[in-house]
Every structure is written in structure tokens, then in C-alpha cells.
Amino acid sequence: MAITRLGGANAITGIIPVTNGGTGASSFSPGKVLQVVQTTKIDHFSTTNNYASLTDVTGLSVSITPSSSSNKVFVMVQIMGSVTGTTEFIQLVRDSTNILIPSGGSFPATIANDGGNTYPGTINFLDTPNTTSATTYKIKIGAQSGTAHVNARQDDTTNHRFTSTITAMEISA
Amino acid sequence: MIEKTILLINPNAKFSVNADDLDQITWLEGTTPISKADIEAKMVELPTAEEEVAQKETDAASGKQKLKDLGLSDAEIKALTGA
């Protein structure tokens with residue numbers, strides 16, 4: 001069987017037409033994701049603080065330094081929560097500023113008490129920090145009543161454990 | 001466990017606990033801190049997680065039997081309790 005070796009004098013250059021299985025493109029823009037940072041919290045956190053004064057979730061934050069002030073940061077959060085009262089509220093914070101606040105107030109995500117079960121609270125947000133300084137994204141929580149938990153089922157914090165993550169990607173403008 | 005213990009001592013306490021660590025308790029909203037020694041002393045009075053699970057199973061079986069004694073069928077009990 002004849003073998004054609006590509007490379008050297010046989011290297012393909014120029015535009016490969018679509019009709020020949022190419023893309024027809026003469027150039028490609030560079031990738032848009034410039035960096036990714038992630039923090040995973042594997043231990044249990046709880047607070048009795050209510051939603052009027054939210055509490056930082058220890059160990060659930062991530063720091064990213066954008067390379068250009070025009071770039072954006074895509075933040076993804078999955079937090080496993082439960083609550084002994086009615087509702088656990090979840091707030092995304094950039095440095096010390098609450099972001100992604102819905103019209104009329106309240107919070108970007110909640111987890112309701114459903115028989116003590118643990119559920120994921122999810123936040124996906126494309127932020128525009130307008131800075132090239134180190135920027136920290138973190139999560140605050142509070143309970144409408146009772147005790148709010150992260151990474152554990154509220155009625156059995158010993159045997160029912162989970163993990164939560166926060167991820168930040170710098171996206172080229 | 002730590003949060004339950006603290007709330008037994010002070011039901012109105014505002015605090016957070018990280019990593020189930022007595023050294024990582026943050027007292028909030030002016031709550032008077034409770035000493036580690038006091039928390040540890042109270043903690044031994046609480047049932048363990050295994051004891052709590054066993055008690056729940058005992059309560060469930062006892063409750064089901066009481067419903068049966070009242071004349072409810074298994075199907076009726078399941079419809080009411082889901083178990």
C-alpha cells in the first residue's frame with residue numbers, strides 16, 4: 001500500500017475549500033478563554049446568620065487577574081446546600097460588592113428546605129469587572145430561618161457530605 | 001454537631017462554623033462567644049449521628065405500628081407517610 005507522507009514539500013498551505021473538506025477560512029481568531037481558575041470546597045460550613053446580613057462561605061472563593069480591563073470573567077458556581085429553616089439564600093460577591101442582584105432585590109439563587117435534603121444552587125454569570133487588578137469572587141449565604149449548611153445534609157451533617165465549586169474564566173473581549 | 005451544640009447553649013446565637021472545627025467558629029452580630037470547653041462539655045450530651053439514625057428508625061417503626069393498631073392498612077399507611 002502506498003503511503004503519502006504529509007509535511008515538508010507535501011505540506012498543505014493556503015485555503016482548503018469546503019468542497020474539499022476544508023473550512024474555507026483563511027485565518028482563525030485566537031481562543032477566547034484566556035485562563036481558568038477554580039476552587040473546590042470539600043468540608044462542611046454552617047451558619048445561623050440570616051439573609052439580612054449574609055456570611056462568607058469560608059473556602060469558597062476564587063481570585064483571578066484579568067489581562068485586560070475590557071475582558072470579561074465568566075463565573076460558575078455550584079454550591080450544595082441545605083437548611084433547617086425555610087430557605088437558604090446565596091449571593092455572588094465580587095471583592096466586597098454583591099453582584100447579579102435581581103430586579104426588586106433578593107438573591108441570585110436559593111435552596112429551599114425539602115425534607116432536609118441537600119440541593120445544588122447554581123450561578124452562571126458573565127461579569128465585566130473593568131479591571132486588571134486581582135479580583136476575588138466569593139459566595140455569601142444566609143438563612144431565612146434556622147441554620148444554613150454547605151456541603152452537608154442539615155439533619156445528618158456527619159454522613160451526608162458533598163462538594164461545592166466556584167470557577168472563574170477570563171474571556172477575551 | 002457543633003452548630004447543634006451551640007444552639008442548645010444559646011438558641012439565639014448567630015455564628016458560622018467551618019470544617020467542623022471548634023477553632024473556626026465566627027461569632028456574628030454581637031453574639032457573646034461560648035468557650036470551646038463549654039461547647040465540648042455540652043457536645044457529649046448529644047446523641048451521635050449513628051444514635052440519631054437508629055432513633056429515627058425506631059420512631060418510624062413505632063409510629064407505623066401505632067397506625068396499624070388503629071386499623072390502618074399498609075397501603076393507607078404508605079399513602080400517608082410515604083413509607
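1. A salt bridge is taken here as a side-chain nitrogen of Lys or Arg within 4 Å of a carboxyl oxygen of Asp or Glu. Under that rule, two salt bridges are found across the interface of chain B and chain A. The model is a predicted one.

2. One salt bridge joins the side chains of K56(B) and D155(A), with an N to O distance of 3.4 Å.

3. As to extent, 19 residues of chain A are in contact with 20 residues of chain B. The two chains bury about 1,400 Å² between them, and 37% of this area lies on carbon and sulfur atoms. On the side of chain B, the residues that lose the most area to chain A are E3(B), N18(B) and D20(B), which together account for 28% of what that side buries.

4. Polar contacts between chain B and chain A number twelve residue pairs, with both residues at pLDDT 80 or more. Three elements of chain B each give two or more residues to the side that touches chain A: α1 (2-9), β1 (15-18) and α3 (49-69). Of these, α3(B) provides the largest share, five residues. The composition of that side by class is nine nonpolar, three polar and eight charged residues.

5. Strand pairing also links the two chains. Strand β2 of chain A (residues 45-47) is joined to β1(B) by three bridges, and the two strands run antiparallel. Within this pairing, S16(B) of β1(B) has T47(A) standing opposite.

Definitions and conventions. Residues are numbered from 1 along each chain as its sequence is written. Chains are lettered from A and ligands numbered from 1 in the order in which they are written. This is a predicted model: local features need pLDDT of at least 70, side-chain atom pairs count only at pLDDT 80 or more; totals for chains, interfaces and linings use all residues. Side-chain values use heavy atoms; hydrogens and water are left out. Contact means heavy atoms within 4.5 Å. Buried area is the accessible area (1.4 Å probe) that two parts lose on being put together, summed over both. A polar contact is a pair of N or O atoms within 3.5 Å; within protein, one must be able to donate a hydrogen and the other to accept it, and residues adjacent in sequence count only if both atoms are side-chain atoms. Helices (H or I, at least four residues) and strands (E, at least two) are DSSP runs, numbered from the N terminus. Ala, Val, Leu, Ile, Met, Phe, Trp, Tyr, Cys and Pro count as nonpolar, Asp, Glu, Lys and Arg as charged, and the others, Gly among them, as polar. Two strands pair if DSSP finds at least two bridges between them.
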